[in-house]
Every structure is written in C-alpha cells, then in structure tokens.
Amino acid sequence: MSEAKSIAIIDDDASVLDATENLVRSYGFKVRKFASAESYLASIGDVRIDCLITDVQMDGISGIELSQIMRETGVKTPIIFITAFPDERIRNRVMAAGAIGFLGKPFDSKSLIDCIERALLN
Amino acid sequence: MSRFAPLAALVIAVVIFALDTLTTFDMAIAVLYVTVVLLSLSFAAKKGLLFIGVACMALTLLSFAVSHGENPTSDSFARCFVSLAAIGITTLLAYRVKTAIAVLGESEQRYRTIFLATGVAILEMDFTAVKAAIDRLKTNGFPDIRAAAKANPDFAREAIGMMKLTNVNNTTLTTFGAKDLDTFRTALPVLIGKEMEGSIWALLEAIWDVRTSYESETIMNDVDGNRIAILYNVAMPHDRPTLDMVLVSIMDVTARHEAENELHETHAELAHVTRVATLGELTVSIAHEVNQPLAAIVTNGGAGLRWLKRSEPDLDEVETSMQRMIADAGRASEVIKRLRALSSKTAPQSVPININDVIAETMMLVQREVMNQRVDLKLELAADLPPVSGDHIQLQQVIINLILNAVQAMSDPSVKTRQLLIQTAVGEGVIVAKIRDTGPGFAAEKSANLFDAFYTTKSNGMGMGLSICRSIIAAHGGRITANAEPGKGASFEFTIPFHEETAS
C-alpha cells in the first residue's frame with residue numbers, strides 16, 4: 001500500500017471539526033485540521049494536501065471564497081464542501097466551479113468517504 | 001298681480017290728477033298720490049321709486065298751478081304743502097323699505113347659492129315632533145334618554161319617522177343617488193340603517209340636553225343600498241327652540257375611510273409578515289445551533305463504527321468517538337435548555353383581573369375589524385364576575401385572538417348573518433368566557449386539531465393563535481374548548497379558576 005493520502009479539514013465549529021477528523025482518520029487517511037480558511041491559506045505549501053474538506057459558512061473567509069482564491073492562485077487541490085444550509089443554488093454554483101462534492105450536515109459517513117475517494121482518483 | 005301694478009298706479013295717478021286739477025274740494029286730494037308711491041313698491045326699483053315720488057310731487061304742483069295759479073289762498077297753499085310733505089315722507093319711507101328688502105334678498109340669495117352649490121350635503125329638517133316627543137318623555141318623569149331608551153328601545157326608530165324633511169340641496173341627491181327630493185324623502189328612513197341607530201340615540205340625547213349642535217361619524221346607506229361612511233353635523237339654533245328649522249350637513253368620508261382601512265390592513269399584514277420573518281429567523285438559528293452537534297454525533301458514530309470494523313479494531317478510538325457523541329448530545333440539549341429559558345424570560349404577572357374589563361379594552365382594539373365586517377356585536381357580561389389572578393396582556397391576547405378568528409370566520413361574503421356574542425358567567429369555582437360566531441363553523445372531527453401548533457385553515461395563517469391561547473389559559477389553570485355546528489357557527493369557551501378569598 002502506498003503512503004497514506006493527506007486530507008485537510010476546515011470547520012469553525014470545534015466539535016464538528018473533531019468529528020470529521022475522527023471519521024476521515026478512521027479510514028486510514030492522514031488529517032490536518034484548520035479552524036478557519038485564513039489559517040489554511042497560511043499553511044499552503046507547508047505540506048502536500050491531496051483533498052480539502054471545508055465548511056461553507058464560516059466567520060471571515062467562507063468556503064466558497066476560499067475555493068475562488070485557490071483557483072485564482074492556481075492551487076488545484078480537489079474540494080468537498082459541507083454545509084449546515086444546503087441550498088440548491090449554492091450547490092449548482094460550486095459544482096459548476098469544479099467541486100467534488102457538496103454535503104449537507106449531518107451527512108452520511110459513506111458519502112463523505114465516497115467523495116474523498118473520487119477526489120483522490122483525479 | 002304685479003304685472004298690472006304699473007298700469008293701476010298710472011290710472012290712479014291720472015284720476016287723482018284730474019280730480020285735483022278740475023275739482024275744487026276743500027281737501028288735499030293730492031295726498032292720495034301716496035297710494036301710487038306705495039303701489040310702485042311692488043314693481044319699481046329704488047331709483048324708479050324716487051322718480052315716481054318726485055313725479056307725483058310735480059303733478060301736485062302742476063294741479064296747484066292750474067287751479068289756483070292766479071289767486072292762491074292760504075288754505076290751498078297749506079293743502080298743497082301737506083300733500084307734498086305726505087308724498088315726500090312716504091317716498092322716503094318706501095325707499096328705505098326697498099333698501100332693506102334688497103339687502104334681505106341678497107342674503108337670502110347668498111344662502112340659497114351656498115345651500116345649492118356647496119360640496120356638503122345639506123338637509124333642512126323639521127324636528128318639531130321629535131322635540132315634542134322628548135318633552136313628553138321628560139314630563140312623564142324620565143330622568144334621561146338612557147332611562148327612556150330602556151323603557152322603549154324602539155324610540156330611536158320612531159323618532160326617525162318623526163323627522164320631517166323640508167328641503168335638500170343637490171349634493172344631497174348626488175351623494176345618496178336620489179333622483180329628486182321626493183325619492184329622497186321616501187327613502188330616508190331606510191337610508192338611516194341599523195348601523196346608524198347608535199348615533200341617532202346620541203343625537204336624541206343632544207336634543208334632550210338642549211344642545212345647539214351634534215356631530216358624529218357613522219354609516220348610512222344610499223338609495224341603491226351601498227354603505228356610505230359619513231361625518232354629519234346637526235345644527236339646532238337656540239332661536240328656534242321648537243326645532244322647526246334644523247340644518248343637517250353631511251360629508252361623505254367613504255373614500256377617506258377606505259384609504260384609512262387600507263393603511264390599517266397594510267399595517268396588520270406588515271406585523272404578520274414581521275412575526276413570520278422573526279419566527280423564520282429564530283427557526284434558522286435554532287436549527288443551526290441544534291444541527292451542528294447532531295452532525296458531529298452522526299459523524300462520530302460513523303467514525304466509531306469504522307474504528308470497530310477495522311481488521312484490528314481500535315477500541316481506544318471507539319471509546320473517544322462515543323465520549324464525543326455523548327458530549328455533542330449534551331451540547332444539543334444545552335441549546336434546547338437555553339431556548340426554554342429565553343421564552344420564559346418575561347415572567348407572566350399575577351394580579352387580580354376582571355375579565356369583563358379585559359373584554360371591554362379589547363373591544364376598543366378590535367372595533368374597526370368588527371365594524372368593517374358589518375358584524376353585529378352583542379355583549380352579555382355577568383355583573384358579579386369575581387376577579388381572577390393572572391397576566392393582563394396574556395389574557396388580552398387570548399380574547400383578541402378569539403374575536404379576530406370569529407370575525408374572520410364571518411368575513412366570507414356567503415355568511416349572511418354576522419353575529420358575534422361575547423358572554424361571561426360564573427361557573428363552579430371558575431369564570432367562564434364564551435365567544436360565539438355565526439360563521440361556517442368547522443367539522444366536529446377537527447376540534448381536536450384546532451389547538452395544535454402550526455394547524456391552520458387560513459391561507460396566510462401560521463397556526464399559532466389557538467395554540468398560544470391554549471398555553472396561556474393552561475398557565476392560568478383553566479381550560480379552553482371549541483364547539484361547532486357546521487354551517488351555524490363556532491364557539492370557543494375558556495374557564496379560569498378564581499379563589500373565593502379574592503372573590504369576596
């Protein structure tokens with residue numbers, strides 16, 4: 001088996017962040033946690049990240065804005081969005097912009113893992 | 001007759017001149033010229049009158065010159081002088097009368113013009129019979145109009161029949177859509193509908209108290225049966241104590257009322273929308289606060305299962321996952337606890353309250369809706385209602401809710417009889433309040449759902465009203481129930497226990 005893939009998770013709600021990290025780690029991935037989009041942006045380039053899971057609504061830079069900044073700066077990390085307010089219009093927008101997944105909270109563990117695997121295939 | 005007056009005056013003048021000139025009676029015949037002057041009052045204008053007077057005096061002098069020209073005696077001089085003086089004085093007096101008549105005519109004309117042309121409907125009426133009837137009631141020992149009303153509730157209607165219409169202006173006819181004065185006169189008792197009777201009682205009270213004017217806003221019908229909102233004033237001048245000449249001026253304020261009502265409705269809608277929006281916001285924020293820990297629980301559960309199912313189960317991770325699930329569940333219930341604390345932040349008061357007072361206050365708030373929907377309101381409030389202990393505002397909310405529901409239930413055009421009955425009574429250790437309408441009612445099997453939150457039969461309703469009513473009544477230790485006969489109406493009844501010691 002090759003070296004474990006590295007997944008970054010951003011969520012400003014600590015318990016959701018911990019839970020998501022717990023789930024992803026239980027599938028054997030390496031996980032890096034961030035409490036905000038700002039702290040994630042600051043870390044880009046430090047370590048290789050194979051897939052990013054981010055909350056949509058956050059204080060400061062939102063998940064959507066983060067994905068735009070990454071696209072503009074040429075960072076091609078695949079992104080999975082999770083949100084407490086699943087809205088069709090936002091889903092259509094982010095999927096059109098190339099997102100791998102758009103999940104509403106609470107999400108099914110299996111669908112998140114499926115998304116991650118799809119992201120890593122690309 | 002006045003057409004022949006100038007001719008008659010001329011003939012008389014000629015006869016007098018002939019007699020005066022040709023005869024030699026020992027008397028001042030020329031004095032008779034005053035009849036010519038007086039006759040000319042009816043046809044000559046002011047200047048013409050003066051001219052005729054002067055002409056008569058000239059004729060007198062001419063006769064004198066002809067008959068006594070050569071040897072005038074002192075007697076004939078005196079007679080001529082008396083005649084001239086009489087004609088002169090009469091002419092002067094006639095001139096002044098003429099001036100006075102002209103002034104009077106002008107003022108009458110001005111009044112007529114105003115009466116006919118003004119934009120206000122004016123009715124000239126004769127209240128002599130009404131005044132006499134009221135004086136009879138006074139003689140019969142009634143202390144005031146209220147006592148008289150109790151003895152004869154039909155007196156207002158009878159009084160309307162006694163009001164005699166003398167004249168109306170054109171605006172009155174157009175306002176009420178009447179063809180002519182007679183049509184209007186015949187229709188008047190019908191135009192004063194049941195809705196105006198309260199105002200008529202107040203007018204009768206004004207007559208009883210010998211006030212000089214009365215003003216009020218009410219609803220009348222027009223000839224075609226449309227409702228007109230009016231502002232009317234009844235002027236009863238002191239110098240006509242028999243009230244044989246009463247001026248009623250009426251202003252059509254329907255358009256103004258409609259604008260006001262629209263504004264009022266918009267306000268009510270806005271308040272409703274704001275409430276819904278507030279509740280919507282609240283729901284979103286509550287949902288988010290509860291959803292986050294729920295999401296964490298589900299995710300930790302998924303992780304825990306995964307740690308268990310690995311080829312080498314990691315029980316430490318399973319334990320951590322489960323502890324986190326417990327912690328997240330705790331967080332969710334903390335949110336619920338905070339929410340409860342928030343809703344009970346404004347502690348309800350507990351003061352002695354007479355439900356009758358609350359109903360009376362509430363009626364002032366809902367009067368407009370009741371009137372607009374043409375609902376016939378009947379209050380049967382028990383006089384000896386003991387006070388209950390509770391929160392004034394909350395109980396008012398309950399009553400407003402029940403009344404507005406009742407009025408709305410009857411607002412459908414198919415509802416012909418619109419009666420709202422509000423009753424209070426003393427029951428077994430409880431006060432009972434009942435609000436009954438004659439709307440379409442509801443099916444018996446629905447009575448169980450009526451008080452559930454979010455249950456509504458209205459297109460724009462939230463389904464919170466009756467649910468809140470039930471919570472409030474329950475908090476006061478009482479019960480609320482609904483009864484309906486489909487097609488005949490619905491009634492809502494609530495009870496609140498009172499304590500004997502506060503009752504006495």
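In the predicted model described here, B:Glu217 stands opposite B:Leu231, a residue of strand β4 of chain B. This pair belongs to an antiparallel pairing in which β3 of chain B and strand β4 (residues 227–235) of chain B are joined over nine bridges. The two strands are in turn part of an open sheet of five strands in chain B, which are arranged in the order β2-β1-β5-β4-β3 and paired in the antiparallel sense. At the edges of this sheet lie β2 (164–168) and β3 (213–221) of chain B, each of which pairs on one side only. From one strand to the next, the twist of the sheet averages 30°. Helix α9 (residues 181–191) of chain B packs on the sheet, where the helix touches β2 and β3 of chain B; the direction of α9 makes about 130° with that of β2 of chain B.

Chain B as a whole comprises 504 residues, of which 27% are buried, and its secondary structure includes 16 helices and 12 strands. When the contacts in chain B with a separation of 6 or more are considered, 70% of them are accounted for by residues 24 or more positions apart.

In chain A, attention falls on A:Asp55, the position at which an unreviewed UniProt entry places the feature "modified residue: 4-aspartylphosphate". A:Asp55 is located in strand β3 (residues 51–55) of chain A. It counts as buried because 24 C-beta neighbours lie inside 10 Å. Leaving aside the neighbours within four places in sequence, A:Asp55 is in contact with A:Ile10, A:Asp11 and A:Asp12, as well as with A:Gly63, A:Ile82 and A:Thr83. Elsewhere in chain A, the peptide bond that leads from A:Lys105 to A:Pro106 is cis, with omega near -10°, and A:Pro106 has its place in the loop between β5 (101–104) and α5 (109–121) of chain A.

The two chains also touch one another, in a contact that takes 14 residues from chain A and 19 residues from chain B. On the side of chain A that touches chain B, the largest share comes from helix α1 (residues 14–26) of chain A, which supplies eight residues. Sorted by class, this side of chain A has six nonpolar residues, five polar residues and three charged residues.

Note on methods
Residues numbered from 1 in each chain as written. Chains lettered and ligands numbered in written order. Predicted model: local features only at pLDDT ≥ 70, side-chain atom pairs only at ≥ 80, totals over all residues. Pairing = 2+ DSSP bridges. Helix = DSSP H or I, 4+ residues; strand = E, 2+ residues; numbered from the N terminus. Axes fitted to C-alpha atoms, helices over the stretch in contact; angles between N-to-C directions. Contact = placed C-beta atoms within 7 Å. UniProt positions renumbered as here; feature names shortened; annotations may be inferred. Buried ≥ 20, exposed ≤ 12 C-beta atoms within 10 Å, placed from the backbone. Nonpolar A, V, L, I, M, F, W, Y, C, P; charged D, E, K, R; others polar.
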